[in-house]
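Welcome! Please take a moment to look at the sequence and the 3D picture, and then we will walk through them together.

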Amino acid sequence: MIDLWGMGFYRGVNLGGWLSQCDYSQERLNTFITERDIAVIAGWGLDHVRIPIDYNILQREDGASLEEGYARIALALEWCRKHGLNTVLDLHKTAGFSFDEGEREAGFFDSEKYQERFYSLWQEMAKRFGQDPRHVAFELLNEVTEERFIGSWNAIAARCIEKIRVFAPDTVILVGSYHNNSAHAVPALALPADDRVVYNFHCYDPILFTHQGATWTRFIDPAKRLSFDEANMPEDYFAQQFDPALQTAKERNVALYCGEYGVIDRATPQDTVRWYRQIHETFERFHISRCAWSYKRMDFGLSDPRLDQVRDELIACL
């Protein structure tokens, strides 16, 4: 089993909303994240960033490569190397699938055409960015949603890893399961293709606390608020939540990575710190690498002014 902590994929933060979940305007792409932000993150003492990327940043509708998009990734990697940060390149949306129903992407798990575009994109990523496995990792796809997709997803992921390995034999590859990368769904993942594959999960539990006030999910009443105390989380809460993933990883000798976790900006700063502190203790106890959501804005921004008075305490809990 590889040691992600020792490799420098121990404590990170997401650059959400830059090359994904955005309006794709030149202003957004050019200014939302700059080298200064990378320097700030390095100054926080973190060791890596996760960069969510939508396929339309890198591919035209006919599947041809968009050089401007690849140039943006190359520049981001240059910034990260300069400031001593490693990088996870996360495909947040692919042709035919997005975790966000509002994106109106569908058909990926049943379409050879969409799957070939997926393979082609990752082969191109591997050719361009797969020669630096000490500093760059790949995440195949963000948050498979429905359980019914898992059989197809396991087969697609295995095929994609084969294609990546032709050009990037040593790059760490992260693979997540259904229910939006839930820890309880990790046992449904296929056996790892090789010893450089890592099981990836996300954690926003309990959702009624971490997403209070959210307007984009039918599971939340936007008017309701919930304090940390009202969330009623026992000391071993996260250990229980992670247990299916932990047991599977132990049985299969696979490293675990939590690629997203965080608290919405409707919670108080003090309650936010308390939640982070509790999940941090569980990550440390079980030697789980992680990457918080998210650096800036996106309803979860750790650099947002509202957290100024607690940021030092919060960063210590990442």
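## Contacts along the chain

Two residues are said to be in contact when they have heavy atoms within 4.5 Å of each other. Keep in mind that what you see is a predicted model. Among contacts in the chain between residues at least 6 apart in sequence, 75% join residues at least 24 apart.

## Overall form

The chain contains 13 helices and nine strands. A compact globule of 318 residues would have a radius of gyration near 20 Å, and the chain's value of 18 Å agrees with that. Taken along the principal axes, the box filled by the C-alpha atoms is roughly 50 × 45 × 40 Å.

How much of the chain is buried? Buried residues account for 58% of the 318 residues. The accessible surface of the chain is about 13500 Å², and 47% of this belongs to carbon and sulfur atoms.

## The nonpolar cores

The largest nonpolar core holds 95 residues, and the members that touch the most others are Phe118, Leu140 and Trp153. Let's follow one of them. Setting aside neighbours within four places in sequence, Phe118 is in contact with Leu91, Thr94, Phe108, Leu140, Leu141, Trp153, Ile156 and Cys160. Another core lies apart from the largest one; it has eleven residues, among them Ile2, Phe9, Ala255 and Tyr257.

## A visit to helix 12

Helix 12 spans residues 269-286, and Thr272 lies in it. Is Thr272 buried or exposed? Its relative accessibility is 1%, so Thr272 counts as buried, because the cut-off for buried is under 20%. Not counting residues up to four places away in sequence, Thr272 touches Val263, Ala267, Arg306 and Leu314.

Now compare Thr272 with Asn253: these residues are 19 apart along the chain, and their C-alpha atoms are separated by 33 Å.

## Rings and charges

A search of the whole structure finds 22 aromatic pairs. In one of them, Trp275 and Tyr276 have ring centres 5.4 Å apart and planes at 85 degrees, so this pair is edge-to-face. Both Trp275 and Tyr276 are buried. They also belong to a cluster linked by ring pairs, together with Phe201, Tyr237, Phe238, Phe242, Tyr261 and Phe283.

Where does the charged end of Arg128 sit? The answer is over the ring of Tyr70, 4.1 Å from the ring's centre. Likewise, the charged end of Lys296 sits over the ring of Phe32, 4.6 Å from that ring's centre.

Conventions. Residues numbered from 1 in each chain as written. Predicted model: local features only at pLDDT ≥ 70, side-chain atom pairs only at ≥ 80, totals over all residues. Heavy atoms only, no water. Core = buried A, V, L, I, M, F, W, Y, C linked by side-chain atoms within 4.5 Å. Buried < 20%, exposed > 50% of the residue type's maximum accessible area, 1.4 Å probe, protein only. Helix = DSSP H or I, 4+ residues; strand = E, 2+ residues; numbered from the N terminus. Phe/Tyr/Trp six-rings, centres within 6.5 Å; stacked < 30°, edge-to-face > 60°. Lys NZ or Arg CZ within 6 Å of the ring centre and 35° of its normal. Rg over C-alpha atoms; globule rule 2.2 N^0.38 Å. Areas by Shrake-Rupley, 256 points an atom, 1.4 Å probe, with all protein chains shown as cover.
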